[in-house]
Amino acid sequence: MSEADGEIEGRTRSFDGSDFVISKRRWAHILDRHSELAAMKALILGAASRPDEAFEDPRGSIHLVKSLEAGASDYLVLIQGRVGLKGY
C-alpha cells in the first residue's frame, strides 16, 4: 500500500471522502485470487463510493459491503487499508 505499488489502475472518491486507489499491482493480486472480477472494475469502484455497509475492524481496516443481488450470498466485500487520506 505504498507508492511502490506502481501505476494506478483505478481511482474514485470513497464514501467517506478519501481517495480510493487500486494500483496495477493490487489489481493483479485481486485477479490472481478472483479472476471472476476481471470485468467488474467499475462495480468495485462504485462499491467503494457507495457501499451498503461499512465498518472498521480491530486492526483499523475498513470493510465496505455491497449487495450484488437479492440473494443472501451475493455480496462484494472490499477491505480498505489507509495511508493518510488514501484508501487502498
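## Serine 61

Where is serine 61 found? Serine 61 lies in the loop between strand 3 (53-56) and strand 4 (62-67); strands (E, at least two residues) and helices (H or I, at least four) are DSSP runs numbered from the N terminus. The model is predicted, so local features need pLDDT of at least 70 and side-chain atom pairs count only at pLDDT 80 or more, whereas totals for chains, interfaces and linings use all residues. Residues are numbered from 1 along each chain as its sequence is written, and side-chain values use heavy atoms, with hydrogens and water left out.

With a relative accessible area of 14%, serine 61 is buried (under 20%; exposed is over 50% and partly exposed in between, with a 1.4 Å probe and protein chains only). Apart from neighbours within four places in sequence, serine 61 is in contact with Phe55, Glu56, Ile79 and Gln80, contact meaning heavy atoms within 4.5 Å.

## Overall fold

Two helices and seven strands make up the secondary structure of the protein chain, in the order β-β-α-α-β-β-β-β-β from the N terminus. Of its 88 residues, 36% count as buried.

An open sheet is formed by three strands in the order 3-4-5, with antiparallel pairing; two strands pair if DSSP finds at least two bridges between them. Strand 3 and strand 5 are the edge strands, each pairing on one side only. From one strand to the next, the twist averages 20°, where axes are lines fitted to C-alpha atoms, for helices over the stretch in contact, and angles run from 0 to 180 degrees between N-to-C directions.

Strand 4 and strand 5 are joined by six bridges, and valine 65 stands opposite valine 77 in strand 5. Helix 2 (residues 41-49) packs on the sheet and touches strand 4 and strand 5, its direction making about 65° with that of strand 5.

## The largest pocket

The largest pocket holds about 600 Å³ of space. Its lining has 23 residues, with His29, Ile30, Val77, Leu78 and Ile79 nearest the centre. A pocket is an open set of points on a 1 Å grid over the protein atoms alone where a 1.4 Å probe fits, with protein on both sides within 12 Å along at least five of seven lines; lining residues have an atom within 4 Å of a point.

Strand 5 gives the largest share of the lining, six residues.

Terms used. Points joined across faces, edges and corners; volume = space filled by probe spheres on them.
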